[in-house]
Amino acid sequence: MTPRVAVISFDVEQDCPPYLDSARGVEEGLPRILELLAEERVRATFFFTAEMARRFPRLARRVVDEGHELGSHGYRHERLDRLPRSEAARVLERSTSILRGYGEVKVFRAPNLKLPENLLPVLAKLGYRVDSSTARYKPPFPRRVEKHGPLVRVPVSVTSSVLRLPWRLQRPLHGALAPPRVYFSHPWEYVDMSREPVRLDCRFNTGEPALELLRRLIRFLRGEGYMLATLCEAVRMLGHDVEC
Ligand SMILES: [Zn+2]
């Protein structure tokens with residue numbers, strides 16, 4: 001039986017790309033997320049764009065110092081599926097070498113969960129061991145964790161805005177998810193975006209309500225007997241031989 005393991009992850013990027021270019025989420029939201037995780041004693045995975053790590057180096061270091069896992073989310077949140085392969089490979093190389101200035105980086109998630117398969121060998125060569133660029137709710141609807149050469153591919157379970165639905169609506173959705181449950185959201189969801197000129201799903205229940213819902217989710221998962229782990233640790237718990 002698959003162990004009951006859940007991963008809380010964050011894609012650390014500009015606010016609601018591609019609509020805004022501000023970084024309120026990283027500046028104001030990320031510290032709040034870190035406080036909440038410390039209070040709840042949860043270690044999570046943070047996929048940084050290299051740009052955000054460079055702009056907020058102290059936060060990137062703090063993530064690592066507080067025991068969380070650092071991953072890559074590209075350089076400037078560019079859509080890798082819209083770049084020629086050689087250019088996309090350069091983006092991966094450059095962002096990886098910048099992020100490794102802050103800590104070990106072995107896990108990857110492509111912006112918009114769009115990773116052309118022909119970039120998997122590039123990730124493997126750069127020393128990545130886990131890719132989380134697929135989603136159970138997007139074609140080809142991967143159901144399980146899969147080995148792909150030296151990489152283990154772990155699909156995310158639900159889209160981020162689900163975590164901001166009123167609890168009575170989201171609770172039954174979690175129950176339907178098979179382990180490993182991989183959640184993701186973004187620092188900008190934890191600052192009040194209600195007045196920003198962006199589409200509704202980038203605004204509703206952002207800020208304090210999102211933080212409280214995240215706390216509720218963590219406690220709910222524990223109540224259901226789920227272990228909360230970083231992505232790499234979860235992959236190990238599932239029996240894959242990766243070093244974390
Ligand atoms: Zn992203």
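The structure holds 1 disulfide, meaning a pair of cysteine sulfur atoms within 2.5 Å. This is a predicted model, so local features need pLDDT of at least 70 and side-chain atom pairs count only at pLDDT 80 or more, while totals for chains, interfaces and linings use all residues. Residues are numbered from 1 along each chain as its sequence is written, and side-chain values use heavy atoms, with hydrogens and water left out.

Let's start with that disulfide. C16 is joined to C202, with an S to S distance of 1.9 Å. Where do C16 and C202 lie? C16 is in the loop between β1 (5–12) and α1 (24–40). C202 is in the loop between β8 (181–185) and α7 (208–223). So the pair ties together parts that are 186 residues apart in sequence. A word on those labels: helices (H or I, at least four residues) and strands (E, at least two) are DSSP runs, numbered from the N terminus.

Are the two cysteines buried or exposed? Buried means under 20% relative accessible area, exposed over 50%, partly exposed in between, with a 1.4 Å probe and protein chains only. C16 has 2% relative accessibility, so C16 counts as buried. C202 has 1%, so C202 counts as buried too.

Next, strand β3, residues 69–72. Both of its faces are covered. E69 and G71 are buried on one side, L70 and S72 on the other.

What does β3 pair with? Two strands pair if DSSP finds at least two bridges between them. Strand β2 (residues 45–48) is joined to β3 by 4 bridges, and the two run parallel. There, F48 stands opposite S72. Strand β4 (residues 105–108) is joined to β3 by 3 bridges, again parallel. Here L70 has V105 as its bridge partner.

Now follow the chain from β3 to β4. Together with helix α4 (residues 85–99), these strands make a right-handed β-α-β unit. Right-handed means that, with the strands pointing away from the viewer, the path from the first strand over the helix to the second runs clockwise.

Finally, the whole chain. The protein chain has 8 helices and 9 strands. Its radius of gyration, taken over C-alpha atoms, is 17 Å. Buried residues make up 57% of the 244. The C-alpha trace spans about 45 × 45 × 35 Å along its principal axes.

Methods
Rg over C-alpha atoms; globule rule 2.2 N^0.38 Å.
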